[in-house]
Amino acid sequence: MTQLTHINRNGEANMVDVSGKQDTVREARAEALVTMSRETLQMILAGQHHKGDVFATARIAGIQAAKRTWELIPLCHPLLLSKVEVTLCALPDSNQVRIESVCKLSGKTGVEMEALTAASVAALTIYDMCKAVQKDMVIEHIRLLEKCGGKSGHFIAK
């Protein structure tokens, strides 16, 4: 089993020193699902939400969140992201919105946390915008789908 990298030899939380690592191209994809009622999903898709375009707002929130991950997650490094993409797809058969994020850079550390943060905040934004009409929406299946680059290599979720 691999050791935890954010714990120092004294068992204390520690920001990993990446200064000796080589820059490599790194990319990560993550997803989240928001389950809601058929009526709520239809309201979003019909553009009838009184707060405006739910998908556009969630997309921008996810992009902003990826760029600020280092401020939200205590031991994350500030990164110069070269790409952040957030896509939202309605799944009418299951009354869900699927959010997928992609983050990319050339640097010394991975972008998994940025991709996960983007998907999570986009999902939270959907909840925030729609909570007036439905409070029992469920955010679930926030997970890393794929990452490539860096020492640990390529990972694809099963």
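Reply: Start with how elements are named: helices and strands are DSSP runs, numbered from the N terminus. The model here is predicted. In it, helix H4 covers 112-130 and strand E4 covers 138-148, and each supplies at least two residues of the lining of the largest pocket.

Me: Which element gives the most to the lining of the largest pocket?

Reply: That is H4, with three residues.

Me: How is a pocket found, and what volume does the largest pocket have?

Reply: Rolling a probe the size of a water molecule over the atoms shows where empty space is left. In this model, the volume of the largest pocket comes to about 830 Å³. Its lining is made of 27 residues, and the closest to the centre are Thr-5, Lys-21, Thr-109, Gly-110 and Glu-112. Sorted by class, the lining has eleven nonpolar, ten polar and six charged residues.

Me: How do I read burial, and is His-77 buried or exposed?

Reply: Buried means under 20% relative accessible area, and exposed means over 50%. His-77 has 16% relative accessibility, so it counts as buried. This residue sits in the loop between helix H3 (69-72) and strand E2 (83-91).

Me: What does the side chain of His-77 reach?

Reply: It reaches the backbone oxygen of Val-16, at 2.8 Å. Apart from neighbours within four places in sequence, His-77 is in contact with Met-15, Val-16, Val-18, Trp-70, Thr-109 and Glu-114.

Me: Where is Ala-13 found, and is Ala-13 buried or exposed?

Reply: Ala-13 lies in the segment before strand E1 (24-35). Ala-13 counts as exposed because its relative accessibility is 61%. With neighbours within four places in sequence left aside, Ala-13 has contacts with His-6, Ile-7 and Leu-75.

Me: How far apart are Ala-13 and Ala-115 in sequence and in space?

Reply: They are 102 residues apart in sequence, and 22 Å apart in space from C-alpha to C-alpha.

Me: How many disulfides does the structure hold?

Reply: A disulfide needs two cysteine sulfur atoms within 2.5 Å. The structure holds zero disulfides. Cys-89 is in none, and the nearest cysteine sulfur, belonging to Cys-130, is 16 Å away. Cys-148 is likewise in no disulfide; for this residue the nearest cysteine sulfur is that of Cys-103, 12 Å away.

Me: What are the relative accessibilities of Cys-89 and Cys-148?

Reply: Cys-89 has a relative accessible area of 39%, so it is partly exposed. Cys-148, at 30%, also counts as partly exposed.

Terms used
Residues are numbered from 1 along each chain as its sequence is written. This is a predicted model: local features need pLDDT of at least 70, side-chain atom pairs count only at pLDDT 80 or more; totals for chains, interfaces and linings use all residues. Side-chain values use heavy atoms; hydrogens and water are left out. Buried means under 20% relative accessible area, exposed over 50%, partly exposed in between (1.4 Å probe, protein chains only). On a 1 Å grid over the protein atoms alone, a cavity is a set of points where a 1.4 Å probe fits but cannot get out, and a pocket is an open set with protein on both sides within 12 Å along at least five of seven lines; lining residues have an atom within 4 Å of a point. Grid points are joined across faces, edges and corners, and a volume is the space filled by probe spheres set on the points. Helices (H or I, at least four residues) and strands (E, at least two) are DSSP runs, numbered from the N terminus. Ala, Val, Leu, Ile, Met, Phe, Trp, Tyr, Cys and Pro count as nonpolar, Asp, Glu, Lys and Arg as charged, and the others, Gly among them, as polar. A polar contact is a pair of N or O atoms within 3.5 Å; within protein, one must be able to donate a hydrogen and the other to accept it, and residues adjacent in sequence count only if both atoms are side-chain atoms. Contact means heavy atoms within 4.5 Å.
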